[in-house]
Amino acid sequence: MRLIKPCLMMNMRKLNALQFRSKIILSFFLVIGLTALIMGYSYYRIMSRELEASTLEGLEKMTEQTVDTLELHFKTISSIGYSYFSDTSVQKFLEGTPSFDNQKYYRDRLEGQKMQTPLISFIQMTRLNGDQFSSYYYYNSALRSLMADNQQMLYARAKLLDGYPLWTVSMTTAKNELKPIHTISYVQQLKRITSNNQYPVGYIQIDMDPDILEKAFLGLENDDGSTYYIADRKGTIIFTNNDAQISRSIAQSPLFAAYTEEKTAVRYADFRFTNNHKMYIGFSHTLNYGGWIVIGSVPLDRILHKVNVFRNTLIVIAAISFLVAMLLGSIIASGVTRPLKELNKKMKLVEMGDFQAHIQVKGSDELSTIQYSFNKMTAEIRKLISKVYETELLKKEAEIQALQSQINPHFLYNTLSTIDSISSIDGDQRVSYICLALGDMLRYNLNGGSLATIKEEVTHLNRYLSIYQIRFAEQFHYEINVEQEAEAFVIPKFLIQPLVENAIIHGLEQKRGYKSVHITIRSLDENWLEFAVEDNGVGMDSSMMELLQKKLADPSASTFRHSPASPRTMIGLANVFKRIVMYYECDPKVSIASTPGNGTRLQFMLPKQDSRRR
């Protein structure tokens, strides 16, 4: 350490002893290098995110286009199947003993249906006695036997659905070759339907052309390791471009595990997962038929390929630009006006409001004094700005604390009166309960912090209302309904109690008979919470409501104050909505509905705040 310090001091002396021109060139080198590095990295990060987002957006559109095409195909097949199901002549044909002409007619009809609809690979009607009428006859005995076994299995499943369509995996043959391959089939039990009865008369099976299904996935197919499937909710593959994989399970694959973990209520979702130390982007989209999903994955390096190309190009451009800038800097630094231009540039920044502008003062040449004075000036300005800002923050915090710490003397007086009135009864446990509840409330009030979770606030409110329930005995009832998912969000302390207190003091204490108050807190969507306080008190007339609505139109203004025309707003509304404006700086969207003699309902909304922001 003793040797390092003299070396540093010696280097600093050498640096200070450099000529003014050399200092400027060195300073220019450092400024340009740092600026190029920061700007280049920032631009690269921004463009990386933009390109990745654009690619993911394209993947989502392509997936939605594929799903729309598939659902259109399924809808077409469903319409054809239903046309046979509802055709009375078909029902009679399958029920009775058809003539040779009838059999030929329906075979021709099925064959014509297949020719008119390229989406159909095979269509067949089967009577209950096993007679088949199809668009194609399998002359190969082995293939015919395979297809017959497959049909029997499908008909058995369709029978269990009792006339409802069955979408399932089945076997068909490829075009121009007698090779069995998997496809998706529509199978339905056909019934004879009369005015008094209905009973099965046969089955219809419509096989979809696998080539047509594969064309629907052309936008998702690539030679870069991407995959896609139509699968059910258990992970069994219904269809894919690899026939050997159909009917297999992907439930244990990283893709399906990531989908299960990420699964949301929305139809489309994308997510990331790792397979064999390689990162992938997974995607899923639900289908409206069969309870199936389209699920697949794309290697992340495919999405980032353009980003990497852009990064390499940016590095080359940045290097060239840096060398050119250095050459120009050397030329500019040779003039004596360069330091003055730098000073002028910094002064312009200050003039535009950037008081962070600072000049590195090095050496003791003729410009050091000016540079030092400039830095001192900007530092003093920053101190003044910081002082004013801190003053405003302290003022705002003090105002919030003053509003928050309000405790209604009316409530304390009534509570102490209740304790006094029942304390004379020997063995009455209510005195102990009231004291404990009041102690917990005061402890909650004195506990530090300006925020609390909804669960904590509701616990405090329960203590408050339980004391009122003891006071009013059987004439008072309260109910608090809070969604469980909303309990973890935070709100300013004592936000709900003043509203409930207003409802009791100004709505229920003046009412004879049964009194009730209901508090509801629920989640509206991803961003907003809804709060509602409702009582069955004396309510408000139209003139009071009109005045109150005018005051609520601007909750941030000082419109909530003592007024004979609006006593309900004296503490509750004034405190709550002024604090809401301070904390959230937004409109709480308040609405009040009231009918004289029937009670009042107050409703407002607040943005969600996570407990981690406390």
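Which residues does Ile184 touch, not counting residues up to four places away in sequence?

1. **Ile184 and its surroundings.** In this predicted model, Ile184 touches Phe74, Trp167, Thr168, Ile206, Asp207, Met208, Leu213, Ile230, Ile238, Phe239 and Trp292, once residues up to four places away in sequence are set aside. Ile184 is also one of the residues with the most contacts inside the largest nonpolar core, a group that includes Leu70, Phe74, Met125, Trp167, Phe217 and Ile230 as well.

2. **The nonpolar cores.** The largest nonpolar core has 48 residues. Helix 2 (residues 20-85) supplies the largest share of this core, with 9 residues. A second core of 47 residues is separate, and among its members are Leu438, Ile454, Leu573 and Phe577.

3. **The chain as a whole.** The protein chain contains 17 helices and 17 strands. Of its 614 residues, 42% count as buried. Among contacts with a separation of 6 or more, 63% are between residues 24 or more positions apart. The accessible surface comes to about 34700 Å², and carbon and sulfur atoms account for 56% of that area.

4. **Strand 10.** This strand (residues 293-299) is mostly covered, with 7 of its 7 residues buried. In a regular strand the side chains alternate between the two faces of the sheet. Here Ile293, Ile295, Ser297 and Pro299 point one way, while Val294, Gly296 and Val298 point the other way; all are buried.

5. **Partners of strand 10.** Strand 6 (residues 227-231) runs antiparallel to strand 10 and is joined to it by 5 bridges; within this pairing, Tyr229 has Ile295 as its bridge partner. Strand 9 (residues 278-286) also pairs with strand 10 in the antiparallel sense, over 7 bridges, and His285 stands opposite Val294. The hairpin of strand 9 and strand 10 has 6 residues between the strands, and in this hairpin Gly290 takes a positive phi near 70 degrees.

6. **Helix 7.** Leu255, Phe256, Ala258 and Tyr259 are buried in helix 7 (residues 254-262). Viewed down the helix axis, the buried residues fall within an arc of 160 degrees, so they line one face of the helix. These buried residues pack against strand 6, strand 8 (268-275), strand 9 and strand 10.

7. **Ile204.** This residue lies in strand 5 (residues 198-208). Ile204 counts as buried because its relative accessibility is 0%. Beyond its neighbours within four places in sequence, Ile204 is in contact with Tyr84, Ile123, Gln124, Met125, Tyr186, Val187, Gln188 and Leu190.

8. **Salt bridges.** A search of the whole structure finds 9 salt bridges. One of them links Glu71 with Arg267, whose closest N and O atoms are 2.9 Å apart. Glu71 belongs to helix 2 and Arg267 to the loop between helix 7 and strand 8, so this pair ties together parts that are 196 residues apart in sequence. Glu71 is buried, with a relative accessible area of 12%, whereas Arg267 is partly exposed at 36%.

9. **Two further salt bridges.** Glu95 and Arg192 meet through their side chains at 3.1 Å, N to O. Because Glu95 lies in helix 3 (residues 88-95) and Arg192 in strand 4 (residues 180-193), the pair ties together parts that are 97 residues apart in sequence. Arg127 forms a salt bridge with Asp131, the closest N and O atoms being 3.5 Å apart. Arg127 counts as buried at 11% relative accessibility, and Asp131 is partly exposed at 34%.

Technical notes:
Residues are numbered from 1 along each chain as its sequence is written. This is a predicted model: local features need pLDDT of at least 70, side-chain atom pairs count only at pLDDT 80 or more; totals for chains, interfaces and linings use all residues. Side-chain values use heavy atoms; hydrogens and water are left out. Buried means under 20% relative accessible area, exposed over 50%, partly exposed in between (1.4 Å probe, protein chains only). Helices (H or I, at least four residues) and strands (E, at least two) are DSSP runs, numbered from the N terminus. Two strands pair if DSSP finds at least two bridges between them. Contact means heavy atoms within 4.5 Å. A nonpolar core is a set of buried Ala, Val, Leu, Ile, Met, Phe, Trp, Tyr and Cys residues joined through side-chain atoms within 4.5 Å. Accessible areas come from the Shrake-Rupley method with a 1.4 Å probe; for residues, only the protein chains shown count as cover. The arc is that of the directions from the helix axis to the C-beta atoms. A salt bridge is a side-chain nitrogen of Lys or Arg within 4 Å of a carboxyl oxygen of Asp or Glu.
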